[in-house]
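Student: I have a structure to look at and would like to learn how to read it. Could you walk me through it?

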Amino acid sequence: LVRPRAGGRREGLSYGCNPGPNPGPHEAYLLVQSLHTAMAKHDWSSIYSNADERYRQVLTADESANMFARVIQKLGDPVSCKQGKTSIQKSPAGNTIQSECETTFTHNATGHETFFWRESGGTYRLSGYNVSSTALVDR
């Protein structure tokens, strides 16, 4: 699990979507789809450079790339996502979305993914990622 430490905001490239003032489950799903697309393309540098600053404070670019590469190596590329719970928190310190998916991957594996998104410059950016799958242990 990647959990960010406290830190500042960063303006820059947008990643995912700008859901407007009232994001909901559909917008959270679009964020997941954009990350899954980058994962399937093995575009580790895009994932890292467009992540929230707090994510980048916890992981180096190499650590982030290695984490996602290990997921792809063991589970395969993400194929489909059955959206689960979505939680949206609005606060003066910054708005966040936590979303879950039951994901099917190309190596005949499934996993429970949890995504953490933080609003920065009007765009939600990846601030944490977790995947649980027995295939991560078995393979």
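**Reading the core**

Tutor: Let us begin with two residues: phenylalanine 68 is buried, and tyrosine 129 is buried as well. Buried means under 20% relative accessible area, exposed means over 50%, and partly exposed lies in between (1.4 Å probe, protein chains only).

Student: What kind of model is this?

Tutor: It is a predicted model, numbered from 1 along each chain as its sequence is written, with hydrogens and water left out and side-chain values using heavy atoms. Local features need pLDDT of at least 70 and side-chain atom pairs count only at pLDDT 80 or more, while totals for chains, interfaces and linings use all residues.

Student: What is the mean pLDDT of the chain?

Tutor: The term pLDDT is the predictor's confidence in each residue, from 0 to 100. Here the chain has a mean of 86, and 83% of its residues reach 70 or more. Over residues 1-16 the pLDDT is below 50, and this stretch has 56 contacts in the model beyond near neighbours in sequence. Contact means heavy atoms within 4.5 Å.

Student: How do I read aromatic pairs, and how many does the structure hold?

Tutor: A pair of aromatic rings is described by the distance of the centres and the angle of the planes. Rings of Phe, Tyr and Trp (its six-membered ring) pair if their centres lie within 6.5 Å; planes under 30 degrees apart count as stacked, over 60 as edge-to-face and the rest as tilted. This structure holds 5 aromatic pairs. In one of them, tryptophan 44 and phenylalanine 68 are stacked, because their ring centres are 6.3 Å apart and their planes are at 10°. Tryptophan 44 is in helix H2 (residues 44-49) and phenylalanine 68 in helix H4 (residues 61-75), so this pair ties together parts 24 residues apart in sequence. Helices (H or I, at least four residues) and strands (E, at least two) are DSSP runs, numbered from the N terminus.

Student: How does phenylalanine 68 pair with tyrosine 129?

Tutor: That pair is tilted, with 5.0 Å centre to centre and 40° between the planes. Tyrosine 129 lies in strand S4 (residues 123-132) and phenylalanine 68 in helix H4, so the pair ties together parts 61 residues apart in sequence. Ring pairs link Trp44, Phe68, Phe115, Trp117 and Tyr129 into a cluster.

Student: Which residues touch the most other members of the largest nonpolar core?

Tutor: In soluble globular proteins, nonpolar side chains tend to be buried together. A nonpolar core is a set of buried Ala, Val, Leu, Ile, Met, Phe, Trp, Tyr and Cys residues joined through side-chain atoms within 4.5 Å. The largest one here has 30 residues, and Phe68, Trp117 and Tyr129 touch the most other members. H1, H2, H4, S2, S3 and S4 are the elements that give two or more residues to this core.

Student: Where do the buried residues of H1 fall, seen down its axis?

Tutor: Helix H1 covers residues 25-40, and its buried residues include Leu31, Val32 and Leu35. The buried residues fall within an arc of 160°, so they line one face of the helix. That arc is taken from the directions from the helix axis to the C-beta atoms.

Student: Is histidine 42 buried, partly exposed or exposed?

Tutor: Histidine 42, in the loop between H1 and H2, is partly exposed, with a relative accessible area of 41%. Although it is not a glycine, histidine 42 has a positive phi of about 55°.

Terms used
The expected span of a helix is 1.5 Å times one less than its number of residues.
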